[in-house]
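Q: I'm new to this structure, so please pick a single part and walk me through it closely. I'd like to know how it sits among its surroundings.

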Amino acid sequence: MSRLTRAEQRDVTRTRLLDAAEKVFVDRGFHAASVDDVAEEAGYSKGAVYSNFENKDELFLAVLERRVDSRALAAGSAVPDDQPITEQAEQAGNAFFEVFLQQSQWSLLLMEFATYAARHPNLRERFALRNRRMRDAMAKIIEQHLGALGLQSPMSSDDLATVLFALGDGFIMTKLIEPDEIHDDLFGQALVLMLAGLQSSEPAPA
């Protein structure tokens, strides 16, 4: 086998550090995790971490950047777009919520970091970019599904995606705090109530 180039070695080190960081952050939480913990998990010195990332904040943001929320978006886009909008809403809502239930510790970690980032303007904007990417992708899915049925929303697809995104975050947080009080299909039912009126809604103003 040929030896790795220096650039390839850096890539391998960075990947191992990110894998270790994700595990440590999920297991211990953002605040309890340390750079030392990540270095130990990856099998490197702390210096190797700082050679690749400025600090723990940068390390977490790199983990977040790499971990695209593709499963949640795929769950929504996989719903057939020729069904009645209420059936689509229920299926998409249940599928979306199931993804986050399966990775509840990651969801809890995101909530923890969101609160931390909100207090630090430089982190807040960068964390917001992740949310905007999610909302933009969600808005495209909404446009596709409404367009297939010839429906128009009384608000823009961007605004509707923002509402659904915020509603989903609220359901996830409540489920994490009161797991026995929020049944798993409640989010899907809420989307049905929200979107049922689209069949008779007026077109959104230009």
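A: Let's begin with a term: a residue counts as buried when its relative accessible area is under 20%, as exposed when it is over 50%, and as partly exposed in between. Keep in mind that this is a predicted model.

The part to look at is helix H4, which covers residues 56–66. Eight of its eleven residues are buried, so the helix is largely enclosed by the rest of the structure. Those buried residues include Leu-59, Phe-60, Leu-61, Ala-62, Val-63 and Leu-64. Two residues with charged side chains, Lys-56 and Asp-57, are also on the buried list.

What surrounds them? The buried residues of H4 pack against helix H1 (6–28), helix H2 (35–42), helix H3 (46–52), H7 and H8.

Now look at the start of H4. There, a side-chain oxygen of Asn-55 comes within 3.1 Å of the backbone nitrogen of Asp-57.

Further along, Glu-65 forms a salt bridge with Arg-133, with their closest N and O atoms 3.3 Å apart. This pair links distant parts of the chain, since Glu-65 is in helix H4 and Arg-133 is in helix H8, 68 residues apart. Arg-133 itself is partly exposed, because its relative accessibility is 42%. In general, side chains of opposite charge can pair when their charged atoms come close.

So the picture to keep is of a helix largely enclosed by the rest of the structure, with a salt bridge from Glu-65 to Arg-133.

Note on methods:
Residues are numbered from 1 along each chain as its sequence is written. This is a predicted model: local features need pLDDT of at least 70, side-chain atom pairs count only at pLDDT 80 or more; totals for chains, interfaces and linings use all residues. Side-chain values use heavy atoms; hydrogens and water are left out. Buried means under 20% relative accessible area, exposed over 50%, partly exposed in between (1.4 Å probe, protein chains only). Helices (H or I, at least four residues) and strands (E, at least two) are DSSP runs, numbered from the N terminus. Contact means heavy atoms within 4.5 Å. A polar contact is a pair of N or O atoms within 3.5 Å; within protein, one must be able to donate a hydrogen and the other to accept it, and residues adjacent in sequence count only if both atoms are side-chain atoms. A salt bridge is a side-chain nitrogen of Lys or Arg within 4 Å of a carboxyl oxygen of Asp or Glu.
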